[in-house]
Amino acid sequence: MGIIAVPLVVLAAWAGPSEAGAPRGGASACYLTGGGALEICRSADEAEGVYAVPPPCHFVHDVQILRLKDTGPPGPLQVIYRAEPPRQGSRPSGGRGEEACRTDLRATDPAAGGAVRIGRQIETLATMLPPTDPRFWSEGLKGDGAARAEQPRRRSRATRQARREARRAAREARQGDKQTDRMTFRAQASAPEDDPSGNAMMVAGRDWAGDPYYAILATATEPSGEGRRRVLVQARTYDFQSLDLRVEADPGTEWRPFGAPAAEGQGQGRRRGRARPAAMKPAPVLDDTGKPIVGNCAAPDFEARGLTGSISVVDRVYHYFYTDVLPADCDAPRNRRRMALYLRTSRDPLAERTWSAPVTLIEGLPAETEMRVAKARGMDRWAVAYSCSRPVTVSGGPVADICLHYTADLSPGSLTALTLYAEPVAAGHSTAYLGLRSGGDALGRFTRDGFGWMTDRYGNLDAPTIYPDKGGFLTWLDRRAPRIDGSDASSLYGRPVYWATWTVRPRAAAP
């Protein structure tokens, strides 16, 4: 996937369509958090910019930047994100080498792709998305239920040239690393399929016990009654090139190399001696009672929600925070399905039957709420980023933003004690918004979804070395931002991914 990488720049000229959404009041905007002990401030010149601009027919969301322990390959940074899965039948158009999109995704379409991509960055490229290949995806049902492996999509001349230029620019980062071939698993009738709106979460395994693997937990969907339901699936890697997928076996589950050849005598290709990838049925992640971790509600088509979140390791305990629809609201209209924040814990994310039963931390969140929770940078507190809208009383009106709060300590109860939204909660308004400036269309409309942030290898907040005093580094997708071709057409393809920092500090003492 060729991504137009944009070097780190502070957004000044890019704020054109969004001037109405400038930070509230004066040169600096601050609000209290952390039980009143902290304040978060974002001034008008707070660092903000463009992270990456996907080419036509491509998009990016849920970017997590992970700082590894080692500075050499595969470190210092790895980026994992969701993008469009490889498509069969895409062909270059006849006009100037641009790719013809087989279908167009509107700005409000929930079908936002299902391929997990991973790539390496060096520190100086912390705000440049590296060239990557899809690492794993599933293709879903086809016709009579027989599964076929998805083939890599053809690239246009312009795309190939952009990819070559990106590779030359990132040669120092790769330092001779070999490019990984594309891999796929062949979905069977009951296997999880592409999740158009899910996310992937990556975290180090028990490296203090000699475990060399990184765990990848991703949301997928599976048939459930007359609809689909979210399900958590799992992969692992130690070099960020090859992957193992946890698949169903008899008995239990097993790790199998992703794209492994079929057993002898099965799945032979057209050419003698060439084996096709084995059909693998991804196993759902199990809790400590043996129950699969699935979403609370089934929904038609791409409306399934749940399990999207983040993982943070504190005192060698893995904390998996995620949102899901309240069971009582499963049959409600989509825009009225209230959500809740849940927590599961584990001592080893790569073991079987290791996650605890869910604990409900916050109930009654607005429909479609997205949240990320991680240990704060340099503090024994949780940082909570969540989707919100600015109050109607502020300049620019109730536009979409990202809100951020810190807890008083690291106890689960400190999360429950947070007041995230003003009444009525269903409106999603909050005064704890960051005042992001970038994105939007010519009419001042925004979305701030598909967001993620930079963490250390344990999922705890981090930031690029050029921002040693910042509280963190946030990325997000604005589905209404102008496209790469300059048009305002409502499409998900080619939308920029933005980044921003924030400042958190002890509350100023009263004079």
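This is a predicted model: local features need pLDDT of at least 70, side-chain atom pairs count only at pLDDT 80 or more; totals for chains, interfaces and linings use all residues.
If we take the contacts with a separation of 6 or more, 68% of them are between residues 24 or more positions apart. The chain exposes about 21300 Å², of which carbon and sulfur atoms supply 50%.

Next, the aromatic side chains, where the structure holds 12 pairs. In one of them, tryptophan 208 and tyrosine 458 have ring centres 6.1 Å apart and planes at 50 degrees, so the pair is tilted. Because tryptophan 208 lies in the loop between β9 and β10 while tyrosine 458 lies in the loop between β22 and β23, this pair ties together parts that are 250 residues apart in sequence. Tryptophan 208 is partly exposed, at 26% relative accessible area, whereas tyrosine 458, at 18%, counts as buried. Elsewhere, Tyr320, Tyr322, Tyr342 and Trp355 form one aromatic cluster. Two arginines also deserve a mention: the charged end of arginine 236 sits over the ring of tyrosine 213, 4.2 Å from its centre, and arginine 372 lies over the face of phenylalanine 451, at 5.2 Å from the ring centre.

Finally, the disulfides, of which the structure holds three. Cysteine 30, in strand β2, is joined to cysteine 41, in strand β3, and with a torsion of about 110 degrees about the S-S bond this disulfide is right-handed. Here cysteine 30 is partly exposed at 34% relative accessibility, but cysteine 41 is buried at 3%.

The disulfide of cysteine 297 and cysteine 330 has its sulfur atoms 1.9 Å apart and is left-handed, with -70 degrees about the S-S bond. It links strand β14 to the loop between β16 and β17, 33 residues apart, and both cysteine 297 and cysteine 330 are buried.

The remaining link, between cysteine 388 and cysteine 403, is right-handed, with 85 degrees about the S-S bond. Since cysteine 388 lies in strand β20 and cysteine 403 in strand β21, the pair ties together parts that are 15 residues apart in sequence, and cysteine 388 and cysteine 403 are both buried.

Definitions and conventions. Residues are numbered from 1 along each chain as its sequence is written. Side-chain values use heavy atoms; hydrogens and water are left out. Contact means heavy atoms within 4.5 Å. Accessible areas come from the Shrake-Rupley method with a 1.4 Å probe; for residues, only the protein chains shown count as cover. Rings of Phe, Tyr and Trp (its six-membered ring) pair if their centres lie within 6.5 Å; planes under 30 degrees apart count as stacked, over 60 as edge-to-face and the rest as tilted. Helices (H or I, at least four residues) and strands (E, at least two) are DSSP runs, numbered from the N terminus. Buried means under 20% relative accessible area, exposed over 50%, partly exposed in between (1.4 Å probe, protein chains only). A charge sits over a ring if NZ of Lys or CZ of Arg is within 6 Å of the ring centre and within 35 degrees of the ring normal. A disulfide is a pair of cysteine sulfur atoms within 2.5 Å.
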